[in-house]
Structures are given as structure tokens and as C-alpha cells.
Amino acid sequence: MANWLRISSRTVANHIKKRMNKEFMGGAVHVNQSSGLWWGLNRGGPVSDRNRRHMDPLAWNRATLLCVQRFKSTLAEKQHDSFLSSDSDDDNQSVDFPGGKVSYTSEMSFISESSQTRVPCYRVLEDDGDLISDCDFQQVSKEDAVKMYSNMVTLQIMDNIFYAAQRQGRISFYLTSAGEEAISIASAAALSEQDIILPQYREPGVLLWRGFTLQEFADQCFGNKADYGKGRQMPIHYGSKKHNFFTISSPIATQLPQAAGIAYSLKMDNKKACVVSYIGDGGTSEGDFHAGLNFAAVMEAPVIFFCRNNGWAISTNVSEQFRSDGIVVKGRAYGIRSIRVDGNDALAVYSAVSAAREMAINEQRPILIEALTYRVGHHSTSDDSTKYRQLDEIVYWKKARNPVNRFRNWVQNIGWWSEQQETQLRNSVRKQLLEAIQVAEKTEKPPLSELFTDVYDHPPSNLEEQEKHLRETVTRHPKDYPSDISV
Amino acid sequence: MGFRNIIGRRLGLGLVRRRKPFSTATCDGDGNGNAKSINLYSAINQALHIALETDNRAFVFGEDVSFGGVFRCTTGLADRFGKARVFNTPLCEQGIVGFGIGLAAMGNRAIAEIQFADYIYPAFDQIVNEAAKFRYRSGNQFNCGGLTIRAPYGAVGHGGHYHSQSPEAFFCHVPGIKVVIPRSPRQAKGLLLSCIRDPNPVVFFEPKWLYRLAVEEVPEHDYMLPLSEAEVIRQGSDITLVGWGAQLSVMEQACNEAEKDGISCELIDLKTLLPWDKETVEASVRKTGRVLISHEAPVTGGFGAEISASIVERCFLRLEAPVARVCGLDTPFPLVFEPFYMPTKNKILDAIKATVNY
């Protein structure tokens, strides 16, 4: 065991803090040619007290120690020796390699494939909505709490009604966020409007929080001319520039490396904003997950990677998805600070995202959040999940572990919400949704010309030819074509 | 203190402007001003220097670009523009392109390098499913037009399977991106600057064989060459030859020899493969009545097939002979058998004669 570990963690922490302040922030920019990394834009302030409290002290110090070593040339190790050899026999036990100094051991031991215990998950509310005593959390204002709860209810009702609309054949497809309402709403509530969202597809709650109207949701699902996407994609593939919500695409995890690039741009602009990119448990198996996290870490980009671990990727249970302790442990593999949170606890999600955001922006680093939850609904309207999981499992999560009920209990107990408001809200939302659907259904589809625009900034000649030819065909065979698209 | 201000001061600009106005005149570089004889990688290097100097939101990144790149195309950029704008990435093509899409989506000019076109495939999903559809699927709320992906392609004499590929055909089948291939240093500089400044994502394949071998007078100033405009680089009346990149010099040699036999060849450099300039090729075929296409990529499903089908559709009654294709074989690119695989001057010459004598 390397001798330096015997030094008290506080000593280590103070030493690193001093070195960091002197060498890496504000002062001289130390560019290490051999590592090719640079610190010019590490504008991170000292880790705030609040955040430091949330971090395992030894873990933080080890991570930062590795950081400090990474950016020093192996030739410059002499400067480090003064720190490392508080115990004099240290020099004998460490060896240089590109990437820094490592101590060595003659005892051959493999790091275990898993810890003795799983990483605990952070929660603030009991299952019944009571606040856990002496817990650490970011307080939410009454206004925000009421908005959060109302949005969670709205999301629930929206999901039920749109799902039913698909079953009635009025829209072609839908997928719900059932069971995950706290994740999208509470995470959105902890962010600012300037933070940029790169969703997977089960986070419409973020858009709802930011002010996307029920009509706007309905318009996209019906693909009418009011749809910002101009009717080009399947339902639920929302996108809204004015809400800083990038358009959803079906391929899984492709948004993760893009998030790193977007965050890098924010970094270049010194914006006090971050990117939040969502992914499911299944998506973390994709190569783009590895690419996204690695790039964000190396580029020191302010991204929050938010993983909704809901246990299922269509019919594939997490036991068939990975053999690690979920996703949270993967953060360390990339040098990314991570936390596991109870995704069905709105306050815990809110607190974790608040803290993550502060770290991401102030320290210009990515953060990984794994929110444990359960996908109560089927994967989508094309799925019947009773084919691969037990009905009583679904019912248990829907009833006993419901994030909406849990949060309601909390807001009600505090006196910020009442049964009467509940009834009023549910009736009102239901009515608005039914109206929005009626309006969306009656609204014209986009005109045929929108088939050909936006492939490029201007249509090239082959598209102009094809449009001309197509119009002639439509004129000759009008019955082949839907009548609700104006030619 | 804003980072942009640091850049501004380093460049000696008092007030940092986002972009310096650049010439969009489509001069082909013959205009006034100094021209120096330089090779292809130097021309590309010049284009990159100009791109970064005229737009302080332009970035160059990829594997090994920081020290100058394995082909020296990015020499001097990191020193001049700093490590925030010119930097190495981890070894991960899907990450490079995904990251580039994100950067471009925020209005930056993201110039991504893929070290060899042979390694572009991990990024295929990001290119086809994301970059190409970014604008369309969002209803034009978002776009990644600032993305340019550069990759060396083509035979180099000893590259074998994985340092010689010509994958252009895969990308020509993707609506939403552009595919551009220069034939020479002067073309490369002007075309690359156009690609970088074009508001659509572009894949730019550079013929690696020519990085050192091709030397040409290249004007030192900032100039752009138009995309989607093919160029007749040799006038003729008996047969039209269509090609791109390094293959054109082989075709030109074939044309010279054919001329000795009294065959007058018209040679067209397509330059942009997607969207391609059908009008110029059609006009030439209407003149000659014969067409031959040549590319290094395997013949089956190669881009020559698209050109052939389009020409037959448009010029069927004018054609005096079947459309000829002289291309690579339908095999992985071989090492010791490279001379047999390649569409050589004599293969082309034989095909010219066969077509003319049909």
C-alpha cells in the first residue's frame, strides 16, 4: 500500500488546494507538451463548501491528485517529490510512466470486479414523502415546488391522453414517461433557461417545465404545420430552439458526444451555463456513451450526463445490459465525478442537479448522475411489456413507488398543496389536452414543399427536379396521396 | 477576461470581430497576388490557416493534429491559434464527429480530421443519422452546417486494405451532406475554404498520393472555388471522361496518348460528388456522344454507377456507345496486387479505344 495514503486526507486536501490555486487557476498557464493538455480555460473556482461536503473526501483527493500528476511532465516529477515523499522511503516505491508516477507493489492483486457494497443512492424523501431527518438538500421555494408538482401531474395526464390517442389511431406513435416524472421535471427545475438540453426521448418533462405548451406537444405529435419539426419526424421527437432543447433523434446515445461539443462551445464563450444530456440504462452500452464521456472529460467540458436507469431497455433488463454496479461506477473510469440518486425523489434529483450544475460550470468539468427509477409504462405504444415482465412488478412501482404521489405528500404536508387544487388541476389539464388534440387534429399538415426544404440550406438542382417531377405525378394520380397535405 | 479577447490581442486586432469578411469571388486563384509552388498538404495547411484567421470561431481537431498531423496538414496551427482552437482528440472517430456536430450546432466552424478515410466508418452513424439530418429533422431550428470533415483517401502505393480506401460512394448516398474531392493543390485550397464556409456539413476527401507529389502554383491569398460546379479541364470532341481526385492525372495521361491516335478527349473534374453537376457532364456528352468514368473505388456500386445511370437517363439517344467505367476491382484493396487492382492509364486507354470504336 502506497505510503502516501497514510497521510491524513485533510493534509492532502490542503496541499492540493494550495498547489491548485497557485499553479492552475488565474496564474501561470502550465502547458504540458507531452500530455498535450492545457489548463488555459480552467476557470474553476475553489470547490464550494457545499459541494465539498457532498464529496467523499478521500475520493476527491485521489481524483485531484491524479489530476495534478497528469498534467506534469514526467521530468518535472522532482517538484512533486516534496509532496509525495513526506515519508522518506517513497521514492523507492514509485515509478515513472507517461501519464505520471505510480507507486508499485510486489504483491499481485487484482482490483475486484465490484465493491463489497453497491454505491448508495442519495435520497431526501422517504417513500411516503416525509422528509428524512437531518438530510442534506437544496431547498425549493414554494413557487418552484408547486410548479414542479403541477408539471408532474400535467406530464402524467398528458401521457395518459396521448397514449389513448395513439390507441384510437389519431396519432401514429407515443411513448410515456410514466414512473419517471420526477426525473425530467425536477432536473429541469434545477437548471437555468440558458442550459442546453440534449435529450434521449423520455424527457418531455424538461420541455414542459420550460414552457412548451400542450398545444405545441400536440402539434408535433400530429405533425401539422404548426409543428416546429414540419411534420418530418415521428411523434415525441420534439425540438425547440427557443427552449434550448435540441431536437430528439431516435438513434440512441448519439447526443452524448454532441453534448461534449456543445459544452465546449459554451466554455469558449465563458457562458455561465452547462449542457445536460440524458440517456437511459440501455444507451450506456453504446459506443457513443464512451465517446461522449471521454471527450467531455478530456476537453473539460461543462456537461451533466444524466442517466435514467429505469431497469429496462425495451425488454432487456439491466442484468442483460451490463455487469457493473449500474452506471455511476463508470464515471470514475473516465475521470468524471459521479453520483447515484433516487430518481423517484424529486427533491433529491433537484438537489443533485443543482450541485452538479454548479460544479460543471464553476469547475468546467463533466458530471455523471445516475438516477435509479423504474419504467412503469411500456417502452412505447409499439410494446406490451407484460410479455417480458411480471404484471405485479409493474403495479408495485406504479402504486407503492410512485414519484408523483411521493412528492405530493411532501408538498401537501408542508401546506403548499391541497386536495382541492389537485382536483382543479387535473380537470383543467385534462380539458386543455383534449382541446389541444382537437385543434392539432384539425390543423393542416405542412405543404408538400416542406418535403424538399432544409435538406440543405438551399435546395440543390436534383431536388428541384424531383419536386417538379413529383408534382406532375401527384397531379396525374391524386388518389395515391393523402388529401390533407396541400400540394 | 474573455478568451476571445486573448485571441484578438494575439492577432493584433483591437476589437475582436467574430468573422473577417472574406472574398466569395469565385476566381480560380489566377488573380493578382503572389503565388508560390507548393504541394497539396501545404495548400491544405494554408487553407486551414486562413480559415482560422478569418473566423475566430473556427476550430481544428482530430487525432494528432496538434503537432502538425501525420500528413503535416495542420502544421503550425496550434502554435499560431492556441490549444483551445487546435487540439488533439482521443482516438475515437465517432467522438470526433459527434463532438464536431455539437460544436457546429452552436454556430462554430468545426473542422474535424479523420486520420485516414479507411477509419471513418465508426463515425458513419453520426454523419448519416445526425449530421445529414440535423437541419431537416429540426425544421431548420438547428443545423450543423459549420461542420467539415477532412480525411485522406486513396491509393498511396503501399497502403493495403486500410490506408488506401476510397469510400466516397457511401457518402454520396446521403442526402444532407456534401462530398468534395480536389484534384490538385490550387483546387484543394479553394475548395476546402468553400467547404469550411458552406452552411452544410461537408466531407472533404484529400488524395493522399498527391500530398507531396502534386506541386502547383497556389495563390497565397484567401480564395474560394465554387461547390457543385464541375470543371472541363481538357476540351475534346470524341469522348467525355469524368473523374475526381488523383485519378484525373492518370486519366489525363490516357487522354494524351489517345490524342496520338487521333482521339480527342474531353476531361471533366467533378470536384463535388454530392450534389453533383449533372448539367456540365450532360452538355459534354451531348457534344461527344461517349462517356467514360474512372475511379479507384471498386466498380460495383461505385459513384461511377450513379453518373452512368443519370447520363443514360438524360442522353440515351445521343450515346454512340455504352457508358464505360474503369475502376478498382471488387476486392479489398490489396498490397502486392495493387498494380493489378488499380484503374491504370492503359486500362483507361483501352476503354477509350473500345468506346470510340464501338
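Which residues of chain B form a nonpolar patch on the surface? The members are B:Leu335, B:Val336, B:Phe337 and B:Phe340. The model described here is predicted.

## The surface patch

Together, the four patch residues B:Leu335, B:Val336, B:Phe337 and B:Phe340 have about 470 Å² of accessible area. B:Leu335 sits in a loop of chain B. That loop runs between β14 (324–328) and α13 (338–341). B:Leu335 has 48% relative accessibility, so this residue counts as partly exposed.

## Two domains in chain B

Chain B is assigned two domains. Domain 1 covers 3–219, and domain 2 covers 231–356. Taken over C-alpha atoms, the centres of domain 1 and domain 2 of chain B lie 28 Å apart.

The size of an interface is often given as the accessible area lost when the parts come together. For domain 1 and domain 2 of chain B, the buried area is about 1,900 Å². Carbon and sulfur atoms account for 60% of it. On the side of domain 1 of chain B, B:Cys172, B:Ile181 and B:Arg183 lose the most area to domain 2 of chain B. Together these three give 28% of what that side buries. The contact involves 28 residues of domain 1 of chain B and 24 residues of domain 2 of chain B.

Two salt bridges are counted between these domains of chain B. B:Arg183 also takes part in a salt bridge, with B:Glu231 as its partner. Their closest N and O atoms are 3.2 Å apart.

## Where chain B meets chain A

Each chain brings 50 residues to the contact between chain B and chain A. The area buried between the two chains is about 4,100 Å². Of this, 60% comes from carbon and sulfur atoms.

How many salt bridges are counted between chain B and chain A? The count is two. B:Arg57 forms a salt bridge with A:Asp269, with the closest N and O atoms 2.5 Å apart. A:Asp269 also meets A:Lys271 in a salt bridge, at 3.9 Å from N to O. A:Asp269 is partly exposed because its relative accessible area is 25%. A:Lys271 is partly exposed too, at 41% relative accessibility.

## Salt bridges within the chains

Side chains of opposite charge can pair when their charged atoms come close. Over all chains, the whole structure holds 50 salt bridges.

One of them joins B:Lys353 and B:Asp261, at 3.3 Å from N to O. This pair links distant parts of the chain, 92 residues apart. B:Lys353 lies in helix α14 (residues 345–356) of chain B. B:Asp261 lies in the loop between α10 (247–260) and β11 (265–269) of chain B. B:Lys353 is partly exposed at 29% relative accessibility, and B:Asp261 is partly exposed with a relative accessible area of 48%.

Is B:Glu282 buried or exposed? B:Glu282 is buried, because its relative accessible area is 16%, which is under the 20% cut-off. B:Arg286 has 41% relative accessibility, so this residue is partly exposed.

In chain A, salt bridges also form a network. The linked residues are A:Arg123, A:Asp127, A:Asp342, A:Asp345, A:Arg401 and A:Arg406.

Notes:
Residues are numbered from 1 along each chain as its sequence is written. Chains are lettered from A and ligands numbered from 1 in the order in which they are written. This is a predicted model: local features need pLDDT of at least 70, side-chain atom pairs count only at pLDDT 80 or more; totals for chains, interfaces and linings use all residues. Side-chain values use heavy atoms; hydrogens and water are left out. Patches are made of residues with over 30% relative accessible area and no salt bridge: like charges are joined within 9 Å, nonpolar side chains (Val, Leu, Ile, Met, Phe, Trp, Tyr) within 5 Å. Accessible areas come from the Shrake-Rupley method with a 1.4 Å probe; for residues, only the protein chains shown count as cover. A salt bridge is a side-chain nitrogen of Lys or Arg within 4 Å of a carboxyl oxygen of Asp or Glu. Helices (H or I, at least four residues) and strands (E, at least two) are DSSP runs, numbered from the N terminus. Buried means under 20% relative accessible area, exposed over 50%, partly exposed in between (1.4 Å probe, protein chains only). Domain bounds come from an automatic or database domain assignment. Contact means heavy atoms within 4.5 Å. Buried area is the accessible area (1.4 Å probe) that two parts lose on being put together, summed over both.
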